[in-house]
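My notes follow the order in which I looked things up.

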Amino acid sequence: MPSTTLPRRRAGATELSLPVLGVGCFTFGGGTYWGPQSQHDVDAVVGRALELGANFFDTAETYNDGTSESALGLALRGRRDAAIVCTKLQPDHAYAADVRRHCEASLARLQTDHVDVFMLHWPLNASALRHYTSDEAKLRHPPTIAEALHAMDALRQEGKVRHLAVSNFGPVQLAEALAVGVPLALNELPYNLLARGIEAAALPACARGSVGVLGYMALAQGLLTGKFATLDDVPTWRARLRHFRGDRPGSRHGGPGLEAETLAAVQGVRALATAHGLAPGDLALAWAASHPHMTCTLAGARNIGQLEANVRAVQTPLAPALYAELNRLTEEVRQMLGPCLDYYQSPADSRCW
Ligand SMILES: NC(=O)c1ccc[n+]([C@@H]2O[C@H](COP(=O)([O-])OP(=O)(O)OC[C@H]3O[C@@H](n4cnc5c(N)ncnc54)[C@H](OP(=O)(O)O)[C@@H]3O)[C@@H](O)[C@H]2O)c1
């Protein structure tokens with residue numbers, strides 16, 4: 001694949017310019033969720049992504065217990081300046097007294113003196129904190145959004161952080177965050193053909209607030225590549241979304257799921273892709289990147305082959321007829337899942353509103 005420059009878009013009202021496709025680093029370091037991931041492949045993916053202009057890397061202190069950040073830091077040795085790095089603060093670390101320590105630990109793992117984007121990983125409520133801590137005092141008194149953002153902003157003013165951002169913030173939570181008065185470049189939100197809940201209110205809220213959008217899980221964790229013949233072939237950890245039956249191992253949404261409709265949508269996307277000589281994942285990525293409010297779409301890539309396919313997929317805009325057909329094929333799933341952007345918990349127990 002020849003070297004190329006991906007189209008870029010500005011993040012909200014900021015000067016931050018991002019490629020339309022960024023590299024999700026959730027697998028980096030390897031771990032329970034994704035299984036093993038070699039540093040050799042991480043080095044190769046990062047190097048090739050820089051060559052192809054996909055120079056935005058999204059990691060988090062919580063991914064694989066910090067080893068995602070460490071693996072990215074190793075891969076960027078000697079070429080840090082060519083990359084735009086985002087890392088995330090977990091919600092139980094967002095108390096005013098804790099933010100600096102956790103940010104500095106991330107910087108150390110990343111082997112850098114600054115990150116380009118410092119993001120609050122989840123909204124600050126007990127339901128979100130419960131995934132990270134069982135400390136009853138913290139669950140009763142989560143950090144406030146004001147203390148979190150002011151502490152993060154102090155690091156921005158020192159230059160340790162270039163831009164601030166939030167993730168998984170619904171429209172109400174985004175309005176509360178914006179009311180703090182600290183500039184926010186981005187809101188990172190789940191967005192793929194099978195997870196379109198943000199179209200209803202979260203995306204318009206970002207546009208109104210001049211906040212850019214990072215779309216995550218664009219391939220539905222591989223499901224939209226068509227690699228799984230049935231939903232039973234999907235690895236356990238990836239089968240906990242609300243699409244899947246709630247009695248699957250590790251699931252916590254408690255609902256019936258919509259497996260037949262999900263499989264029908266995946267098969268429809270696959271048939272459409274075949275008819276156009278494309279891979280289903282190509283259509284899924286091109287569709288996600290086509291939304292006018294989407295600044296950058298993230299996709300994980302475990303090796304150079306996946307990365308190159310993903311970059312190729314977003315290089316040319318999707319034809320309007322294909323875009324409309326993909327919307328039609330996934331409309332039933334969109335309606336059944338509704339506007340809730342928490343795909344792991346029931347709407348009644350959602351962490352995001
Ligand atoms: N803010 C948040 O709360 C949040 C939550 C989740 C994710 N994220 C971010 O979003 C990023 C992307 O989401 P994700 O990694 O969960 O899911 P994803 O991008 O939808 O799926 C990535 C996985 O799909 C497979 N894949 C990728 N490209 C492929 C290709 N061309 N052909 C076939 N298979 C391919 C790979 O796994 P296999 O080869 O193992 O199948 C890869 O790890 C994450 O890495 C993370 O940075 C953020």
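**Overall build.** I am working with a predicted model. Next I checked the radius of gyration. A compact globule of 353 residues would have a value near 20 Å, and the chain has 19 Å, so the two agree. The C-alpha trace spans about 55 × 45 × 40 Å along its principal axes. I then looked at burial: 50% of the 353 residues count as buried. I also took the contacts between residues at least 6 apart in sequence. Of these, 74% join residues at least 24 apart.

**Ligand shell.** Which residues are closest to the ligand? I found Gly24, Phe26, Tyr216, Leu219 and Gly300, out of 27 residues that surround the ligand. By type, the shell divides into 11 nonpolar, 12 polar and four charged residues. I then asked which elements contribute. Strand 10 (296-300) and helix 11 (304-313) each supply at least two residues of the shell.

**Nonpolar core.** The largest nonpolar core holds 109 residues. Phe118, Ala284 and Leu285 have the most contacts inside this core. Helix 10, residues 280-290, gives the most to the core, with seven residues. A general point I noted alongside: in soluble globular proteins, nonpolar side chains tend to be buried together.

**Helix 11.** Which of its residues are buried? In helix 11 they are Leu307, Asn310, Val311 and Ala313. I looked down the axis of helix 11. The buried residues fall within an arc of 160 degrees, so they line one face of the helix. What do they pack against? The partners are strand 3 (21-24), helix 1 (39-52), helix 10 and strand 10.

**Arginine 77.** I placed this residue in the loop between helix 2 (67-75) and strand 5 (84-89). Is arginine 77 buried or exposed? Arginine 77 has 10 C-beta neighbours inside 10 Å, so it counts as exposed; the cut-off for exposed is 12 or fewer.

Definitions and conventions
Residues numbered from 1 in each chain as written. Predicted model: local features only at pLDDT ≥ 70, side-chain atom pairs only at ≥ 80, totals over all residues. Near = placed C-beta within 6 Å. Helix = DSSP H or I, 4+ residues; strand = E, 2+ residues; numbered from the N terminus. Nonpolar A, V, L, I, M, F, W, Y, C, P; charged D, E, K, R; others polar. Core = buried A, V, L, I, M, F, W, Y, C linked by C-beta atoms within 7 Å. Buried ≥ 20, exposed ≤ 12 C-beta atoms within 10 Å, placed from the backbone. Arc of directions from axis to C-beta. Contact = placed C-beta atoms within 7 Å. Rg over C-alpha atoms; globule rule 2.2 N^0.38 Å.
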